[in-house]
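Biologist: Hi! Could you walk me through this model, starting with the sheet?
Modeller: Happy to, let's have a look together.

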Amino acid sequence: MTPGDYDSWHDAYRALADRLYAEAADAGPVTARDLLLRASTYYFSAEFFLHGDPADPRIAAAYDRSVECFRRAEVAEPVEIPYEGTVLHGYFYRAPGEGPKPLLVMHNGFDGSAEELHHLGAAAGAAHGYHVLTFDGPGQPSAIRRDGLVFRPDWEHVVTPVVDFALGIPGVDPARIALLGVSLGGVLAPRAAAFEPRLAAVVAVDGVYDAGAAVTSMLPWPREEIVRRARAEHDEEFDALLAEGREKSPTLRWACDHGRYVLGAASDREFIAKYLEYTLEGGVAEKITCPVLVCEAADDLFFGGTQETEPRRLYAHLTAPKTLLTFTAEEGADAHCHVGAQRLTAGRIYDWLDRTL
């Protein structure tokens, strides 16, 4: 791969995924399952940086193959959740044994998928005695690609239909339904919990009080001025600053490209204006009444901070029963959402749920 070259990224991951996909055809059932899960991840990775042009045919080609591989692996039951005249796509993982079981509902964040959640704790649920329900909400892969549903900050209007659906699943204990959000989901899930009283607990991996802090910390103006300028009809200085940042940072270029796509924005500045709406300010965090687990990565690329991290900001504003759980470099878990230590993370989260529900 060539640094900063999104096409070379796509080609490298697509070739790797294709190789594993072909190998799975001649493998035994267990090996084929594992190969298909790996291929699914790599197909999804292949199209990750291409969203500056949503019409690029490589996006659908790689994404559709990613979903095909995941479903062929047969690790969970595909489900369709009724939502505002259409459906949200996801998966149900059933715990073994008879009788009602607790349910963990999981969703991803700004750029992750329901399929990815398999590796972020969904697959671990059965061993811990939990049913797990994963889904893509508006702005997330299946919803944006199939129905053009863009993100919305009032996430309770997404989670409430999911809880309605969950209550109709045989074997789910209605008194023990928890919600977990990953990455940007660390602000979305607490937002939903503030207005959905049927949740018995909420987990933020990792906690976010103001998602816009990831943007405002890089700009030379106070937050109020950034909001005003982002919403203005014209602001050539702001536009020039974003254009310069795009040239210098492939990460910022990706964030703006993807952000326009999933938030339904026509420009980078409009994307920022919309993204700044994802906050728990104004007393929203204080409305949560169920127990909250706030996870924190010691070296988070997006939601860390020299003064106060976003998880700690969220924790400080909570008035409900709350726990702060910090993951460290010594544990290999200090990166954003603990990508280097998923089994450790899942174990600690399920143990907290055992004590809480």
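**A chat about the sheet and its surroundings**

Modeller: Eight strands make up an open sheet with mixed pairing, in the order E1-E2-E4-E3-E5-E6-E7-E8. Two strands pair if DSSP finds at least two bridges between them; strands (E, at least two residues) and helices (H or I, at least four) are DSSP runs, numbered from the N terminus. This is a predicted model: local features need pLDDT of at least 70, side-chain atom pairs count only at pLDDT 80 or more, and totals for chains, interfaces and linings use all residues. Residues are numbered from 1 along each chain as its sequence is written, and side-chain values use heavy atoms, leaving out hydrogens and water.

Biologist: Which strands stand at the edges?
Modeller: Strand E1 (77-83) and E8 do; each has a single partner strand, so one side of each has no neighbour in the sheet. From one strand to the next, the twist averages 25 degrees. Angles run from 0 to 180 degrees between N-to-C directions, and axes are lines fitted to C-alpha atoms, for helices over the stretch in contact.

Biologist: How do E2 and E4 pair, parallel or antiparallel?
Modeller: Strand E2 (residues 86-93) pairs with E4 in the antiparallel sense, over four bridges. Tyrosine 91 has threonine 134 in E4 as its bridge partner.

Biologist: And what does helix H5 touch?
Modeller: Helix H5 (residues 156-166) packs on the sheet and touches E1, E2, E3, E4 and strand E5 (172-182). Contact means heavy atoms within 4.5 Å. The direction of H5 makes about 120 degrees with that of E1.

Biologist: New topic: where does serine 113 lie?
Modeller: Serine 113 is in the loop between strand E3 (101-107) and strand E4 (131-135).

Biologist: Is serine 113 buried or exposed?
Modeller: Serine 113 is buried, with a relative accessible area of 3%. Buried means under 20%, exposed over 50%, and partly exposed in between (1.4 Å probe, protein chains only).

Biologist: What does serine 113 touch?
Modeller: Leaving aside residues up to four places away in sequence, serine 113 touches Phe44, Asn108, Asp136 and Pro141.

Biologist: What about valine 339, buried or exposed?
Modeller: Valine 339 counts as exposed, at 58% relative accessibility. Valine 339 sits in the loop between E8 and H13.

Biologist: How many residues apart in sequence are valine 339 and leucine 120?
Modeller: Valine 339 and leucine 120 are 219 residues apart in sequence, and 8.3 Å apart in space, C-alpha to C-alpha.
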